[in-house]
Amino acid sequence: MFDLGVLRELGTAVLGAAGVLAVARAVRLPPLLGYLVAGLLLGPVTGILAVGESLDLLAHLGVALLLFLVGLELSVDRIREVGRTAALVGAAQMAVTFLLGAGLALGLGFPTGEALFLGLAVTFSSTVVVVKLLDEAGEIATRHGRLSVGVLLVQDVGVALALTVVAGMSGGGGEAASLGRQLGVSLLGLVALVAAAAAAVRWGLGRVLDWLWEIPEGAFIASLTWSLLLMIGAKAAGLSVELGAFVAGVAVAQLPRAHDLHRRVRPLVDFLLALFFVALGAGLDLGAAARYGGAVLALSALVLVGKPLLVGGLLGAAGESDRTGLRAGLTLGQISEFAFVLTASAVAAGLVSRDLFSVVGAVGLITIGVSAVTAPLGDRLHGLLRRRGRGVLRLFGGDGSEVEAPEAMRGHVVVVGMNALGREVVRSLADRGEPVLAVDTDPDKLRDLPAETLVGDVNLGVVLEEIGLARARLVISALHIEDTNRLLVHRCRAAGVPVSVNVFDPATADVMRELGADHLIHSKQEGARRLAERLIPAGEAVKP
Amino acid sequence: MTGVTALLAAATAAYLLARWLEAPALPFLLAAGVALSAVYPVPEGLLEDGLVLGVSVLLFVAGLELEPGRIGDRGRAAVRVGLVQALALAALAFGVCLPLGFTPLEAGYLALALTASSTLVGVRILKGRREMFEPYGRVVLGVLLLQDVLVLLAIPLVTRLGPAGGAAVETLGAIALLGAACAAVRTWGAPLLARADDEMLILASLSTLFLFALGAELLGIPLVVGAFLAGVALARFPVNRIVRSEVAPIGEFFSALFFTALGALVRVPSATELWQAGLLAALVVVVTPPLVTVVAERSGLSARSALDAGLLLSQTSELSLVIGLAGMVQGDLDPGVFTVIVLVTAATMLLTPLIASDAVSRRLLRLHPSQWRTPEGAPPAGHVLLLGGGTTGRTLLEELARSEVEIVVVDRDPSVTARLRSRGIRAICGEASDPRVLEAAGAGDARVVISTVGRASDSEDALAAVGSGTEVLVRVTTEREARRIRERGGTPVLLPERAAESLMEWYDRSAAELDRRLAERLESP
């Protein structure tokens, strides 16, 4: 038989993740923390899971594809909007954190080389953690979300440079000339990457994907391939694969179906990321970390408290509101998984001692775990400070005002399926002045409708949230797809929302009624009656 | 990362080709794998992982579909058609393979590979035609589901026959044990999942998959059986639909890897293998349509629908590839036999869209024994001529029965016209676009002609044949069809208009009720 090692490895990780996630959900802890704990339990604690090549590959694919998702959500315009602030704040933050971290490490008694290294390790925040947290809260597109992602991207360039430097130091013994050349290659690579993406967009990448959409899984695989190609390009240029994936995402973010693509990629990324965090937890050496307990705690405190204050303060200085500053700061309060990679390569090159890897690992685990809990509390903390501690908020430069009010449709009628029936219904409802939301998987069918529109597949739970199902007055499905209709009726019923559904096949009327449909549209029979109405006058007119 | 990229890039090329040629993607994925392995040595570990994970996810998704309710009231017809087709083709294939020089064990594998038709291909075509929930669509779906189960049950038995197999009793016992676990999860586990959020749902359903796959390994039965049973365990509405949607991208990712990786295993076929594959493919394509048509018609489908079902089922399944792979992994099949199976599958799948076309179906229907002959008596006059006796036509007949008008129906389906005649309605069997048929039906002297035939192109032909002078009402479902009919002098009747009107009547009537329920929901926390 085949070697089923991959099944065992993946199976263990997935089962562990699912089990711990169930507990984490019950006690309302973020999933990310759950996965790390699952990894710890399966790895260092029990030794059941040894992370092999396949799991490692899938995990890293997940991280990279996450950045593809981020790119998909951020079109060029949205990035430009926060670009300058993010660049300034990111650069300043990196410089200050590096100095603080290195200083603290020196004070803790690490030798100069290792102290500098620890400074570097605490400088970067974790893209994957931040994005996952923002994504879970649905906040990627908010101002603090975009700023956080912007700062992270600036950091990514910093990471790429740092990785290049470390690689240069371990390889050529640190000659300035070869180091400079490698940095040059990286920068050129970045320019080439962006140019390649821009060229592909210009020469019709979007049109090809759109054309291929008739086979939706084909378009999905094609966009994954596109992302992977840029990732490989980035790697060849000495950049991080994540940067490549991000550029790939931004390149297709302008497509009318970008959002739909996002929804397709997301479950895959969710799955792969769960593997990533489990693998991360499983790779830790707890014993060595315990010996450096004091240093670990001090560095963690710097990352958890110092970094948010620093980022928030800088954002405040750049003119952002205190709420945005606080939330972005809290979100960025952890160290990056790159710190592990960086440390691992430095250890391998003999630049620092092996123990440093455990220290960085422990700091990573603590700060990632804690920030997973604190970041979602940003709003609540802001509210608390507004009432009790305006002085603290002043650190973030603002005056404690400004609260964004969420905007959402309510009392609207959702019409699913823009076939002739669906379009007719949308028009009739619009004539009556009702707020209507028209939904279809094909953006072409949503053109020229007197209604709000949304491209999406109502089989997906996310889409039902996006259409504001819970606040809808009525859902109408004109679809000719029985499987989808059944699930939609079931879910509307579960949410207590009235639903009317097209029963194009009279035989299934009972099924729909049993599921709890409030009204059935007998489209074929009604149509026949219309024919009969037209006919009988016509027939009588000629009757002798 | 390079290996994965190479496989996915090959898959992308395959999808682009499939889209361009408007053909099923699967054969192109296999071909892309073959082409890739010629220019780039895919790392063996990746290939193996891709196959193991791919086959698990593929079978899991297939198992999820196993929900008998979807077949509606067509279960009996599906069982009859499915069993007859599977058994007849398996027996024929076995009989053909032995004289071709295959060993009995190889012939057994080949027979099993020819047993099932492809769910991927069948469902895609039905969806494209929007006929998935027509009676014949449901029969086809039922046949496909049944054959999946048959094949999955047979795989452990066939693999047992080889030198590396275990004892029959143990295999059956192991299947029974895993089946019991499947039933238990289906009863108690699946309903729990319906309440989970997306992320939990994905992890929990994949956990089920891994548990069953590893369980199968532990019990010594093929992985594919475990993965399939995991899907069956969750195949309860609404959980299966939810899992299906949420897991779809993961399935698509691993399927693309699976089929390209499988293609990379295929070696260039020899002349003998090509010839053998051609013969077996011909067997599938020639035997399936008439066989299915006869059985399906006897099980209550109309002639035209039965024929459509037969044409749609005339290919081998993606599971055939799994059977070939299982045989090769087991050491029962050499790469040559595996190549034959892959060739047969790719060829029959590519042929399906050509065979299952309107033109072929029309032409073959002329061979039907109860075909058109000139009806006795003079052509009618002053009547209402109804072209097409389907759902719309039937409702229309009921409506018209209340008035005094005489009605004549033309339908291409002999069983439909026979049923109408038995109710005392004058019915003529034939193509609505055929001038001879229209003449016999007195189209020129009719008060009005109404066309409710399924496809718009047929109505256009009929319109041309009737000529001006008679009003022709044509049922259309899209505005574009309506325009085309108007240009050709017909009167299009957009069916949805009336349905929308009646929906709006209900909407206006229920306004207060809807408001009340909305207010209740928004008030409650």
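Q: Which residues of H5(B) are the buried ones?
A: They are B:Glu106, B:Ala107, B:Gly108, B:Tyr109, B:Leu110, B:Ala111, B:Leu112 and B:Ala113. A residue is called buried if 20 or more other C-beta atoms lie within 10 Å of its own, exposed if 12 or fewer do, and partly exposed in between, with the C-beta atoms placed from the backbone. Because eight of the 10 residues of helix H5 (residues 104–113) of chain B are buried, that helix is largely enclosed by the rest of the structure.

Q: And H15(B), how many of its residues are buried?
A: For H15(B) the count is 15 of the 21 residues, so this helix too is largely enclosed by the rest of the structure. From its first C-alpha to its last, H15(B) reaches 30 Å, close to the 30 Å expected at 1.5 Å a residue, where the expected span is 1.5 Å times one less than the number of residues.

Q: Before we go on, how are residues and chains labelled, and what pLDDT do local features need?
A: Residues are numbered from 1 along each chain as its sequence is written, while chains are lettered from A and ligands numbered from 1 in the order in which they are written. As this is a predicted model, local features need pLDDT of at least 70 and side-chain atom pairs count only at pLDDT 80 or more, whereas totals for chains, interfaces and linings use all residues.

Q: Switching to the chain A–chain B contact, how many residues does each chain put in?
A: Chain B contributes 86 residues and chain A contributes 88 residues, with two residues taken to be in contact if their C-beta atoms, placed from the backbone, lie within 7 Å. On the side of chain B that touches chain A, helix H9 (residues 198–219) of chain B gives the most, with 13 residues. That side of chain B is made up of 51 nonpolar, 15 polar and 20 charged residues, where Ala, Val, Leu, Ile, Met, Phe, Trp, Tyr, Cys and Pro count as nonpolar, Asp, Glu, Lys and Arg as charged, and the others, Gly among them, as polar.

Q: What does B:Glu199 touch?
A: Leaving out residues up to four places away in sequence, B:Glu199 touches A:Pro31 and A:Asp270. B:Glu199 lies in helix H9 of chain B, and it counts as buried because it has 21 C-beta neighbours inside 10 Å.

Q: Which domains does chain B have, and how far apart are their centres?
A: The domain assignment of chain B gives domain 1 (2–361) and domain 2 (384–506), with bounds that come from an automatic or database assignment. The C-alpha centres of these two domains of chain B lie 40 Å apart, and four residues of domain 1 of chain B are in contact with six residues of domain 2 of chain B.

Q: What about the domains of chain A?
A: Chain A is divided into domain 1 (5–394) and domain 2 (413–542), and 43 Å separate the centres of these domains of chain A, taken over C-alpha atoms. Their contact takes five residues from domain 1 of chain A and six residues from domain 2 of chain A.

Q: In what order do the strands of the chain A sheet come?
A: The order is E3-E2-E1-E4-E5-E6 (chain A), in an open sheet of six strands with parallel pairing, and two strands are said to pair if DSSP finds at least two bridges between them. Strand E3 (452–455) and strand E6 (519–521) of chain A are the edge strands, each pairing on one side only.

Q: How many bridges join E1 to E2 there?
A: Four bridges join strand E1 (residues 413–416) of chain A to strand E2 (residues 436–440) of chain A, and these strands run parallel. A:Val413 stands opposite A:Val436 in E2(A).

Q: Back in chain B, which way do the residues of strand E4 point?
A: B:Val448 and B:Ile450 point one way from strand E4 (residues 448–451) of chain B, B:Val449 and B:Ser451 point the other way, and all are buried. Four bridges join E4(B) to strand E5 (residues 471–476) of chain B, running parallel, and B:Val449 has B:Val472 as its bridge partner in E5(B).

Methods:
Helices (H or I, at least four residues) and strands (E, at least two) are DSSP runs, numbered from the N terminus.
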